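Please keep the sequence and the model in view while reading.

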Amino acid sequence: MTSALDGVKVLDLSRVFSGPWAAQMLADFGADVIKVERPGRGDDVRHQGYPLPGRDGAPSPQTSSFVAMNRGKKSLTIDISRPEGQALVRRLARQADIVIENFKAGDLRRYGLDYASLAALNPRLVYCSITGFGQSGPYSHLPGYDPIFQSMSGLMSVTGVPDGEPGAGPVKAGYSVSDLTAGFYAVCAILAALRHRDQVSGAGQHIDLALLDAQIAALSHIGMNYLASGQLPARMGSASQITAPFRAFECRDGHLMVAVGNDSQFRAFCEVIGLPELGRDARFDTNP
């Protein structure tokens with residue numbers, strides 16, 4: 001079977017999570033992805049996570065973090081600080097449809113591997129830059145890891161035990177949500193740029209994607225709650241900001257998650273738990 005992105009070539013210059021996650025999804029769609037790593041050490045995630053078991057039961061050199069972000073790729077090492085390494089990246093970029101990189105803003109310009117330099121060689125190139133704070137602005141020169149963007153976006157202000165209860169305070173999500181959210185947005189933007197190139201303009205373009213922007217965008221409905229009500233969203237534990245009952249309840253044999261999404265479901269829920277009168281109670285007739 002042919003895949004959606006058969007024949008599309010991707011040059012993955014990115015490291016750690018956000019860029020590699022995006023490139024991996026493109027590989028899943030059938031693109032031919034070449035991953036470039038540093039000589040000697042490789043991607044940082046080769047040294048993070050848990051070692052996968054080898055054939056003899058001993059730990060293998062592969063780690064869980066690397067495998068989770070780099071499925072379906074080909075890999076090679078290039079020293080981009082050396083002229084011959086830069087020449088090799090340019091050679092690969094001439095043949096590529098997509099380049100993904102997540103260096104700090106301006107870093108690749110020093111090596112002649114920025115968008116302007118590579119687009120001059122390949123005007124059809126879709127070049128996606130993923131950074132913490134974007135290519136311009138007062139924070140553009142700063143690096144950042146996932147928890148920084150979970151905190152700055154406001155995600156940690158709505159995650160965790162409600163204020164005033166034991167254990168209250170900022171809590172980050174249990175996985176690198178900002179990195180992976182940025183990766184999802186990157187794939188959306190890349191595919192849109194590919195279609196624009198192939199159906200409209202004939203030329204590629206530069207995608208400037210920031211982790212902070214992506215995580216703020218993903219909190220859209222929380223922000224809109226504030227704009228509609230004027231009330232700051234709060235930490236609600238397992239409960240919903242807008243719907244009830246929608247939370248975990250502690251029972252004799254563990255916790256039970258209840259998610260009731262509309263008024264008819266509430267009435268059916270009351271029947272199931274043996275309290276049908278609550279479903280007919282005027283106080284609970286609607287979700288508000």
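The sections below go from the overall build to a helix pair, the aromatic rings and some loop residues.

## Overall build

The structure described here is a predicted model. The protein contains 10 helices and 10 strands. Along the principal axes, its C-alpha atoms fill a box of roughly 75 × 55 × 45 Å.

Of the 288 residues in the protein, 40% are buried. Among contacts in the protein with a separation of 6 or more, 62% are between residues 24 or more positions apart.

## Packing of helices α1 and α6

Helix α1 covers residues 18-28 and helix α6 covers residues 177-201. The two helices pack with their axes 8 Å apart, at an angle of about 45 degrees. An angle from 35 to 65 degrees falls between roughly parallel and roughly perpendicular, and α1 and α6 are therefore oblique to each other. The crossing of α1 past α6 is right-handed.

On the α1 side, the contact is made by S18, W21, A22, M25 and L26. Their partners in α6 are D179, L180, A182, G183, F184, A186, V187, I190 and L191. Sorted by class, the contact of α1 with α6 comprises 11 nonpolar residues, two polar residues and one charged residue.

## Aromatic pairs

There are five aromatic pairs in the structure. One of them joins Y115 and Y127. Their ring centres lie 5.8 Å from each other and their planes are 65 degrees apart, an edge-to-face arrangement. Y115 belongs to helix α4 (residues 115-121) and Y127 to strand β7 (residues 126-131), so this pair ties together parts that are 12 residues apart in sequence. The two residues can also be described by their accessibility: Y115 has a relative accessible area of 22% and is partly exposed, whereas Y127, at 1%, is buried.

A further pair is that of F133 and Y139, with ring centres 5.3 Å apart. The planes of these two rings stand at 85 degrees, so the pair is edge-to-face, given that planes over 60 degrees apart count as such. F133 is buried, at a relative accessible area of 13%, while Y139 is partly exposed, at 44%. Together with F149, the residues F133 and Y139 form one aromatic cluster.

## Backbone features in two loops

The peptide bond that runs from A244 to P245 is cis, and its omega is near -10 degrees. P245 is placed in the loop between α8 (220-229) and β9 (246-251).

V16 lies in the loop between β1 (9-12) and α1. Its phi is near 65 degrees, a positive value in a residue other than glycine. V16 has a relative accessibility of 18% and is therefore counted as buried, because the cut-off for burial is under 20%.

G160 is located in the loop between α5 (146-152) and α6. With a relative accessible area of 16%, G160 is buried.

G160 and M236 are separated by 76 residues in sequence, yet their C-alpha atoms are 6.8 Å apart in space. When neighbours within four places in sequence are left aside, G160 is in contact with V171, R235, M236 and G237.

Definitions and conventions
Residues numbered from 1 in each chain as written. Predicted model: local features only at pLDDT ≥ 70, side-chain atom pairs only at ≥ 80, totals over all residues. Heavy atoms only, no water. Axes fitted to C-alpha atoms, helices over the stretch in contact; angles between N-to-C directions. Helix = DSSP H or I, 4+ residues; strand = E, 2+ residues; numbered from the N terminus. Parallel < 35°, antiparallel > 145°, perpendicular 65-115°, else oblique. Left-handed = near helix turned anticlockwise from the far one by under 90°. Contact = heavy atoms within 4.5 Å. Nonpolar A, V, L, I, M, F, W, Y, C, P; charged D, E, K, R; others polar. Phe/Tyr/Trp six-rings, centres within 6.5 Å; stacked < 30°, edge-to-face > 60°. Buried < 20%, exposed > 50% of the residue type's maximum accessible area, 1.4 Å probe, protein only.
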